Amino acid sequence: MNRILMIILSAGVVLGGVDRVFGNRRGYGAKFEEGFGFLGPVALSMAGMICLAPVLSGVLGRVVVPFYQMIGVDPGMFGSMLAIDMGGYQLAMELAQDPVVGSYAGIVAASVFGCTMVFTIPVGMGMVAPKDRPHFAKGMMLGIVTMPVGLSVGGLLTGLSLWECLYQNLPVLALAFLILLGLWKMPERMIGGFCMFAKGIRCVITVGLVAAAVEYLCGLQLIPGMAPIGEAMEAVSGVGIVMLGSLPVAEFLRRILKRPFLAVGERLGMNDTAMTGLLVGAVSAIPAIAMFGEMDDRGKVANAAFLVSATSMLAAHMGFTAGTRPELLGAMLCAKICGGLSAFALASVIKADGKGALQ
């Protein structure tokens, strides 16, 4: 399966490259260029944390490892608290005692739960209009409720048993429950906390990038024990190469699936923008969230629910996984697809009033 996916991505590279040569007549050349343009943002979000991972694992290990061992969970699962492309994978592999669990935590769980914690919720709540925040929050709640579906599917495909998968996710599920409770009872305070957490992560990543760059340029070691920045940039380059193909492929899928999706939307009572948002959200959460104001109420809740698991699966997360652990690409995609579709299905059968209240 992974070999087939890599061939598809290669075909996307060829499609985008050929269209660019002939003047971007079909629009795939623009996606090819856009994929390469992701190198800068990806480097800013990844490189510093990759360099800091050995240091953080030593510091966090003194607290995280004993606690996780006490409850019988692999410490590598702590990496799932961060997004896959914001240090979650590196931290999971550094802390993991079982490499299979570390791979699962850093690729599958980090791409679903970690991304929701440090990116989708804080960014989404900051972007949507105040009147739409109740719908977005309810969608996040439904996505979190169905998140175990994707986590279980991804765990099975990674090589874990269903029991191992559920047990290893105990800290994740406990935190998810607290988030669910917070979004229900005190959404504004929860969002403020998420935004502060995301800013803190960004500061840590920036400090790591600065320290690694200074060490590379003049040999001055500001933070002992860091990984060389060259290793981090090699990982970033791998993501960029995959993005050359993944974005043209995503654009191709968006075009051929648009009409069937619109037909489904008519049956479910969702407008065109809401259904288009699902296709866009599978590539990136930001443009999908930007379309939020034009969606109907049910579509807003359904899109937010879908984003919890499925966001960025055809772009950044696919690029990272294919460039770092290509053998887990199928597990990551299936986890995100199953989680996203189950959330969308639940949101489709639940009504939301004008204030976002679920009925």
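Predicted model: local features only at pLDDT ≥ 70, side-chain atom pairs only at ≥ 80, totals over all residues.

I started in helix H7 (residues 162-168), where Trp 163 and Tyr 167 both lie, four residues apart, about one turn of the helix. I looked up the ring geometry of Trp 163 and Tyr 167 and got a tilted aromatic pair, 5.6 Å centre to centre with 40° between the planes. Trp 163 is exposed, because its relative accessible area is 61% and the cut-off is over 50%. Tyr 167 comes out at 26%, so I logged Tyr 167 as partly exposed.

Next I asked how many aromatic pairs the structure holds. The count is five. One of them is Tyr 68 with Phe 78, edge-to-face, at 6.3 Å centre to centre and 85° between the planes. That pair links distant parts of the chain: Tyr 68 sits in helix H3 and Phe 78 in the loop between H3 and helix H4 (84-95), 10 residues apart. I have Tyr 68 down as buried at 4% relative accessible area, while Phe 78 is partly exposed at 23%.

Then I checked Ser 57, which is found in helix H3 (residues 39-70). Ser 57 is buried, with 12% relative accessible area. Which residues does Ser 57 contact, leaving aside neighbours within four places in sequence? I found Leu 91, Glu 94 and Leu 95. The C-alpha atoms of Ser 57 and Glu 94 are 5.9 Å apart, across 37 residues of chain. A polar side-chain atom of Ser 57 also lies 2.8 Å from the backbone oxygen of Pro 54.

Last entry, charges over rings: I noted the charged end of Lys 185 over the ring of Trp 184, 4.1 Å from its centre. Arg 255 lies over the face of Tyr 28, 4.4 Å from the ring centre.

Key: Residues numbered from 1 in each chain as written. Heavy atoms only, no water. Helix = DSSP H or I, 4+ residues; strand = E, 2+ residues; numbered from the N terminus. Buried < 20%, exposed > 50% of the residue type's maximum accessible area, 1.4 Å probe, protein only. Contact = heavy atoms within 4.5 Å. Polar contact = N/O pair within 3.5 Å; in protein donor to acceptor, adjacent residues only side chain to side chain. Phe/Tyr/Trp six-rings, centres within 6.5 Å; stacked < 30°, edge-to-face > 60°. Lys NZ or Arg CZ within 6 Å of the ring centre and 35° of its normal.
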